[in-house]
Amino acid sequence: MSVFPRISLKPEVTDYLQSVFLNKEVLAAVGHQEAESRFQKLLTCLSHPPSYTCVRVSTHLASLEEIRHKLGDELRKQQLCGSSADEISIQILPHPQIPDVLLLPVDGPRPAQQLSSEVVVGAQCGSAVLRGAHVFVPGILGSPKYMKAGDVVSVVSDLEGRCTRGSSDFQGKKVFVGNGVAQIDRSDIFCTDKPAKGIGVQMVEPLYHSPSFDGVLPDLVFLQNLPSVVVGHVLGPRPGERILDMCAAPGGKTCHIAALMGDQGEVVALDKIRSKIDKIRQNAQMLQLRSIKVYCFDSAKAVSSDSGQDPQGPPFPPESFDRVLLDAPCSGLGQRPNMSCTWSLKEICSYQPLQRKLFHAAVRLLKKGGVLVYSTCTVTLAENEEQVSWALSTFPCLTLQPQEPHIGAEGMLGAGLLPEQLRLLQRFSPELSWDQTETPAAALPRRADGDTIGFFIAKFLKN
Ligand code: SAM
């Protein structure tokens, strides 16, 4: 049973995506009915959370088994503290192919009665609740007029960003994400210059149950989508190397790379947005990684023409790095759960040129014999397979490489790539494994590998 609407998109964006998923090459390969069915499943599954919560564990600090036991103890304590209305058995499963991943099946959608007292939260906060988070005060947009701490409330997510702050009777498009207990009076949210920052609604009956990882073993477990963990392994960093992460904030992949190198060598992390830089430093510090050097810099301009520049900080001379990760800024259409995207087609299509500028810099900064990994969390051809096709014709020095592990599907038809090239690409396509009749635990690992966010990975060697 599906309790959610499908993702809500502008009609021009839906039409565009439909033309991508029903392109001529796909239609010739699978037929109209199958292509249409995959596209419809994609629209549905994007608004639902993946059926597993994935955490990457700090195997540079302790063994997987040790962390698994500690995590079990912590989550049982959380349950005893009553953050959940009913007791749920906690399953924590290792991934059969990825040595630093633990998977927790998500339980849902579960039946919950929607109440008339509503707390309205922003779409981002609503999505976090569907992945196990409580509601933090800054995420609250509206509440019942006389809400007091201790009141039981329903939490609804504002789909179109229309709720004005302080509203007490929001009538716009909204989706119910579960019930909780208010931890704060309405006046302490909206009638004060300094609203609190902590938990505003403790979720007791979320629609999807997944443990909250807030403050849980912060140095040992890191919430990260499965395909993002795969990226670090595909890059394959080795101790002592010099690696560039071109678009690094908040630093999930940067920290993974440093951990895979046993913190030996140098990981240079760049991001253009100053306010995000501190998050990379905080994550590196939390995970006790000292080999990470963080700079606020536009990576498209990170190649210096002056070979006498200080190679410690950007810009860098050409061929400065053993491996480069370009986890590119993208339209993000693979993110889940995502119940609404208000972007225009122009905005969605604005990423391809930016990604190409960054790609040019990536190729120049990479040593000969070095590895370049390009990844996105979106589902369009323009930002994925078409970029690979463009890269192979623009840079004759690049060849596609096999990926390890390869647990996603192959690349999508439609960008003129050969079958053997498509097989070297890794596309996580949740629509191919979306099946709501199966319980997540029964289907592991097949379902955990398929029912993820939409994601794309290409690996190149510079000859
Ligand atoms: N790799 C990150 C991780 O795993 O935590 C996520 C990166 S996110 C997909 C893309 C990032 O690229 C954003 O943080 C954005 O600020 C950054 N960005 C966008 N344009 C950039 C540029 N020209 N140079 C450097 N960073 C850029």
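**A tour from the ligand to the domain contact**

Start at Ala-249: one of its backbone N or O atoms sits 3.3 Å from an oxygen atom of the ligand. Keep in mind that this is a predicted model.

Now select Gly-252. A polar backbone atom of Gly-252 is 3.1 Å from an oxygen atom of the ligand.

Next, show the side chain of Asp-298. Here a polar side-chain atom lies 2.8 Å from a nitrogen atom of the ligand.

Zoom out and colour the chain by domain. Domain 1 covers 118–206, and domain 2 covers 223–462. Their C-alpha centres are 34 Å apart. Where they touch, domain 1 contributes eight residues and domain 2 contributes seven.

Show the surface between the two domains. About 590 Å² is buried there, with 62% of it on carbon and sulfur atoms. On the domain 1 side, pick Ser-127, Arg-131 and Leu-159. These residues lose the most area to domain 2, together 66% of what that side buries.

What about polar links across this contact? Four residue pairs are in polar contact between domain 1 and domain 2. The count of salt bridges between the two domains is zero.

Finish on the domain 1 side. Select helix 5 (123–130) and strand 8 (174–182): each supplies at least two of the residues that touch domain 2. By type, the residues on this side of domain 1 are four nonpolar, two polar and two charged.

Definitions and conventions:
Residues numbered from 1 in each chain as written. Predicted model: local features only at pLDDT ≥ 70, side-chain atom pairs only at ≥ 80, totals over all residues. Heavy atoms only, no water. Domains from an automatic or database assignment. Contact = heavy atoms within 4.5 Å. Buried area = accessible area lost by both parts, 1.4 Å probe. Salt bridge = Lys/Arg side-chain N within 4 Å of Asp/Glu carboxyl O. Polar contact = N/O pair within 3.5 Å; in protein donor to acceptor, adjacent residues only side chain to side chain. Helix = DSSP H or I, 4+ residues; strand = E, 2+ residues; numbered from the N terminus. Nonpolar A, V, L, I, M, F, W, Y, C, P; charged D, E, K, R; others polar.
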